[in-house]
Amino acid sequence: MTTEFILLRHGETEWNALGRLQGHLNSMLSREGQRQAEALAARLATLPFQALYSSDLDRAVQTASRIAARTGHDVQRDARLRERGLGVLEGLTRAEAGQRHPAVFAAYAEGHADYVVPEGESASQRLRLALHCLEELGARHPGARVVVVTHGGLLSALLRHCLGIPAAAPRAFSVLNAGWNQFDLHDGSLRMVTWGDVSHLRELSLDDT
């Protein structure tokens, strides 16, 4: 049976607006991010779904909680849905990261899937955790629609995985705050159906820079 996943990126955070790398650090939703979360909640209030899952990081939980307040679902947190841990780069802008950790930031920017940021993790490690999580949720909710609130970097990795785009290939797609992305899981295979839908927003969300 096919499980339909509505994978949502959290609303804009204060650090998104400042261009800071977040990783596992927490940043509160900005006022715009709160508006985006409410828009997601309003859209989901009209769409039946079986369960609501979220990364355990605050920005995702804040977004999911606003959805839950409208739909009546419990927010089930799972650390496997987190953003990639960026270790020593977390909390820095790209300019600051390049100045303070030039070799690390250069290696990170090259985008190789197996590069482990010091005190962090690789993109492939994070992707494996997320795929295992989605496979488990698919087995738990066969034939159902499931909503998941997660992060831009992880969504990008899932899209590349589904379309066979190498991790180090330049990103030619946007990953928008409060973006709505549908992936279907069938017989253990994940397939991207729709990407980057922000029709519930009046203005485009901030890209994952």
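## Active site

UniProt, in an unreviewed entry, places the feature "active site" at His10 and Glu83. These residues span 74 residues in sequence, yet no two of their C-alpha atoms are more than 10.8 Å apart, so they gather at one spot. The model used here is predicted.

## His10

His10 is found in a loop. His10 has a relative accessible area of 1%. Buried means under 20%, so His10 is buried.

Which side chain makes a polar contact with the side chain of His10? It is that of Arg59, at 3.4 Å. Beyond its neighbours within four places in sequence, His10 is in contact with residues including Asn16, Gln22, Thr63, His151 and Asn177.

## Glu83

Glu83 is found in the loop between strand S3 (75-77) and helix H4 (94-100). Its relative accessibility is 12%, and Glu83 counts as buried.

Leaving aside neighbours within four places in sequence, Glu83 is in contact with Arg59 and His151, among others. Arg59 and His151 are also among the contacts of His10. Glu83 is in contact with Gly152, Gly153 and Leu154 as well.

## Helix H7

Helix H7 covers residues 152-163. At 1.5 Å a residue, its 12 residues should span 16 Å. The end C-alpha atoms are 16 Å apart, which agrees.

The buried residues of H7 include Gly152, Leu154, Leu155 and Arg160. What do the buried residues of H7 pack against? They pack against S1, helix H6 (123-140) and strands S4 (145-150), S5 (180-186) and S6 (189-197). After H7 comes Gly164, with a positive phi near 70 degrees.

Note on methods: Residues are numbered from 1 along each chain as its sequence is written. This is a predicted model: local features need pLDDT of at least 70, side-chain atom pairs count only at pLDDT 80 or more; totals for chains, interfaces and linings use all residues. Side-chain values use heavy atoms; hydrogens and water are left out. UniProt positions are given in the numbering used here, feature names are shortened, and annotations may be inferred rather than shown by experiment. Helices (H or I, at least four residues) and strands (E, at least two) are DSSP runs, numbered from the N terminus. Buried means under 20% relative accessible area, exposed over 50%, partly exposed in between (1.4 Å probe, protein chains only). Contact means heavy atoms within 4.5 Å. A polar contact is a pair of N or O atoms within 3.5 Å; within protein, one must be able to donate a hydrogen and the other to accept it, and residues adjacent in sequence count only if both atoms are side-chain atoms. The expected span of a helix is 1.5 Å times one less than its number of residues.
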